[in-house]
Structure formats: structure tokens, C-alpha cells
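The sequence and structure come first.

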Amino acid sequence: MTTAPSPSTGVRTYRGSCQCGAVRFEADFNPSAGTTRCNCTICTKTAWWSVHVKPEAFRLVAGQEVLRDFSRHEAIHARFCGVCGIRVFGHGDIPELGGAFYGVNLNCLDGAELSGAPVRYLDGLHDTWAELAVAPYVSPFSPAAHARA
């Protein structure tokens, strides 16, 4: 579910949760401003696809008590549900990415249509955070993806 977009910015409030619903959140963002995929090992192995928002644009609605943390270093924390194991969001502070942020797992959004949102592919594997490519997201589950020409 989303609220109406702000006419000047296209920012909407998106709601999401883990698979079991123990962890629920809200985040304010404009998907047309871009999303990211990283090639580091944790992002690759968990099929992480995210949007980065400033801390004030993220709200944990429920589940603080079941959240678990995985981090390789202090720069970023991957937060996951201790009940179902789903990686819901992360947070960190990486100057190359604009400082403090929350990364929302877009696969955890409830009912969001993100087809066409730009996806920036970043090189986190080598800690360069260089942009490797940009491409629009195409949902393999949308009716258009299965239409015959």
C-alpha cells in the first residue's frame, strides 16, 4: 500500500514487512530517483535490492525485539527478522553513498509496483562503490512481461 505522491517530489510512503510480519516498517522515497543492487557477498547471496533513504525517512513500526544484526564492519548493519530470517533493512554510514542511510529491501514492500525504477549496480565487493551499470527494473511477474508480441 502507498499513500498519494507529493506533487512536487513524487515521494510516497511505502510499507513493508518480513515474511512472518513480526518486523514492519515505513519508508518515504521516490523510486524514480533510483534503487541499488550491490555485488558484495551478502547482497548477492540474499538477492538484496534496495533504496537508500535518510534516517528521518525510515520508521520501524514493529519488531525491534526480534531484529538481529549481521555486519562485517561498523560501516553497515544488515538487519533481519529473528523469527523468519528475512533481511528487511540495513543501516550504515558510507561517505561514498552520501553518509548516514537506511537501506530498505524493496522485495519486502507490501503491494508496491516498481517497474521502470532505475537500478544502479554498485561495486561493494571491492569496496569501491563504483557504479557498474544502470538499467530500469522490469518485473518478471508483471502481465506485460508475459505478453506475446
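## Cavity, pockets and rings

The second largest pocket is lined by Trp49, Leu106, Asn107, Leu109, Ala112, Glu113, Leu114, Tyr137, Ser139, Pro140 and Phe141. Its lining residues divide into eight nonpolar, two polar and one charged. In this count Ala, Val, Leu, Ile, Met, Phe, Trp, Tyr, Cys and Pro are nonpolar, Asp, Glu, Lys and Arg are charged, and the others, Gly among them, are polar.

The model is predicted: local features need pLDDT of at least 70, side-chain atom pairs count only at pLDDT 80 or more, and totals for chains, interfaces and linings use all residues. Residues are numbered from 1 along each chain as its sequence is written, and side-chain values use heavy atoms, with hydrogens and water left out.

### Confidence

The protein chain averages a pLDDT of 87, and 89% of the residues score at least 70; pLDDT is the predictor's confidence in each residue, from 0 to 100. Over residues 1-8 pLDDT stays under 50, and for this stretch the model has 17 contacts beyond four places in sequence (contact means heavy atoms within 4.5 Å). Where pLDDT is low, the predicted coordinates should not be read in detail.

### Cavity and pockets

The search runs on a 1 Å grid over the protein atoms alone: a cavity is a set of points where a 1.4 Å probe fits but cannot get out, a pocket is an open set with protein on both sides within 12 Å along at least five of seven lines, and lining residues have an atom within 4 Å of a point. Grid points are joined across faces, edges and corners, and a volume is the space filled by probe spheres set on the points. The count comes to one cavity of 30 Å³ or more.

| Space | Volume | Lining by class |
|---|---|---|
| Largest cavity | about 310 Å³ | 13 nonpolar, ten polar, four charged residues |
| Largest pocket | about 220 Å³ | six nonpolar, five polar, three charged residues |
| Second largest pocket | about 190 Å³ | eight nonpolar, two polar, one charged residues |

The largest cavity is lined by 27 residues, and Cys40, Cys43, Ile76, Arg87 and Trp129 lie nearest its centre. At least two lining residues come from each of β3 (35-38), α1 (41-45), β4 (50-53), β6 (67-73), β7 (76-81), β8 (87-94) and β9 (99-105). Helices (H or I, at least four residues) and strands (E, at least two) are DSSP runs, numbered from the N terminus.

The volume of the largest pocket is about 220 Å³. Of the 14 residues that line the largest pocket, Ala33, Gly34, Val51, His52 and Val53 are the closest to its centre. β2 (24-29), β3 and β4 each supply at least two residues of this lining, and the largest share, three residues, comes from β4.

### Single residues

Thr36 is placed in strand β3. With a relative accessibility of 9%, Thr36 counts as buried; buried means under 20% relative accessible area, exposed over 50%, and partly exposed in between (1.4 Å probe, protein chains only). Apart from neighbours within four places in sequence, Thr36 is in contact with Trp49, Ser50, His52, Val119, Arg120 and Leu122.

Most residues other than glycine have a negative phi. Asp127 has a positive phi, near 55°, and lies in the loop between β10 (118-122) and β11 (131-136). Trp129 also has a positive phi near 55° and is found in the loop between β10 and β11. Asp127 is partly exposed at 47% relative accessible area, whereas Trp129, at 19%, counts as buried.

### Aromatic pairs

How many aromatic pairs does the structure hold? There are six. Rings of Phe, Tyr and Trp (its six-membered ring) pair if their centres lie within 6.5 Å; planes under 30 degrees apart count as stacked, over 60 as edge-to-face and the rest as tilted.

The ring centres of Tyr14 and Phe29 are 4.3 Å apart and the planes are at 20°, so this pair is stacked. Tyr14 lies in strand β1 (residues 12-17) and Phe29 in strand β2, so the pair ties together parts that are 15 residues apart in sequence. Both Tyr14 and Phe29 are buried.

Phe58 and Tyr102 are also stacked, because their ring centres lie 4.5 Å apart with the planes at 10°. Phe58 belongs to strand β5 (residues 58-62) and Tyr102 to strand β9, so this pair ties together parts 44 residues apart in sequence. Phe58 is buried at 9% relative accessibility, while Tyr102 is partly exposed at 22%. Ring pairs link Phe25, Phe58, Phe89 and Tyr102 into a cluster.
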